[in-house]
Amino acid sequence: MAERFAAPIYGVIDYLLTWARKFSIWPVHFVTGCCSPEFMQVSGSRFDMERLGVLPFASVRQCDCLMVVGVISRKMGERVKYLYEQMGEPKFVVSVGACPTGRGPFYDSYATVAIDDLVPVDVYIPGCPPRPEAIIHGLMLLQEKIRRECGFRAGKE
Ligand code: SF4
């Protein structure tokens with residue numbers, strides 16, 4: 001009898017938790033390259049990523065999303081790993097632009113590294129630089145991934 005009532009209650013709690021997580025992504029920005037002006041646009045009033053619940057935050061320990069924007073050098077790669085390890089679970093990584101995804105125009109340099117050699121990546125946003133619409137689309141893909149993969153019922157849909 002108790003099980004009959006418990007299942008729907010777990011479903012509702014699960015829905016609410018996942019909904020809250022989906023619409024309260026707090027990204028820490030790791031911006032090293034010329035993609036940054038496009039990224040600033042996303043915070044401005046025209047594209048306004050806060051309408052999706054995405055609120056940039058200064059403290060990495062309170063953030064759940066690492067947005068890597070721009071080229072990553074080997075030396076800088078250690079810092080990326082360090083930042084990632086300081087974040088609590090669950091945490092997500094978004095690669096913004098061609099440089100972190102595949103080393104971009106610096107693909108043949110000895111000094112650059114792709115982000116997925118350092119930390120697991122959830123969403124890749126293509127472009128050099130990606131347009132603000134592409135960044136918004138990438139954030140919406142991350143929300144969809146959170147809806148599918150977080151919560152008690154993850155993978156059961
Ligand atoms: S992807 Fe292109 S625009 Fe972005 S940091 Fe690399 S070179 Fe610059």
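Reader: Is the β-α-β unit made by β1, helix α2 and β2 left-handed or right-handed?
Author: This is a predicted model, in which local features need pLDDT of at least 70, side-chain atom pairs count only at pLDDT 80 or more, and totals for chains, interfaces and linings use all residues. Residues are numbered from 1 along each chain as its sequence is written. A crossover is right-handed if, with the strands pointing away from the viewer, the path from the first strand over the helix to the second runs clockwise. The unit of β1, helix α2 (residues 36–43) and β2 is left-handed.

Reader: What handedness does the unit of β2, helix α3 and β3 have?
Author: Helices (H or I, at least four residues) and strands (E, at least two) are DSSP runs, numbered from the N terminus. Helix α3 spans residues 74–86 and lies between β2 and β3 in this β-α-β unit. The unit is right-handed.

Reader: Which residue of β2 is the bridge partner of valine 28?
Author: Two strands pair if DSSP finds at least two bridges between them. Strand β1 (residues 27–31) and β2 run parallel and are joined by five bridges. For valine 28, the partner in β2 is leucine 66.

Reader: Which residue of β3 is the bridge partner of valine 68?
Author: β2 and strand β3 (residues 92–96) run parallel, with five bridges between them. In β3, valine 68 is partnered by serine 95.

Reader: How many of the five residues of strand β2 are buried?
Author: A residue is buried if 20 or more other C-beta atoms, placed from the backbone, lie within 10 Å of its own, exposed if 12 or fewer, and partly exposed in between. On one side of β2, Cys65, Met67 and Val69 are buried, and on the other Leu66 and Val68. Strand β2 (residues 65–69) is largely enclosed by the rest of the structure because its buried residues number five of the five.

Reader: Which residues touch the most other members of the largest nonpolar core?
Author: A nonpolar core is a set of buried Ala, Val, Leu, Ile, Met, Phe, Trp, Tyr and Cys residues joined through C-beta atoms within 7 Å. The largest one holds 34 residues, and those touching the most other members are Leu66, Met67, Val68, Val94 and Val96.
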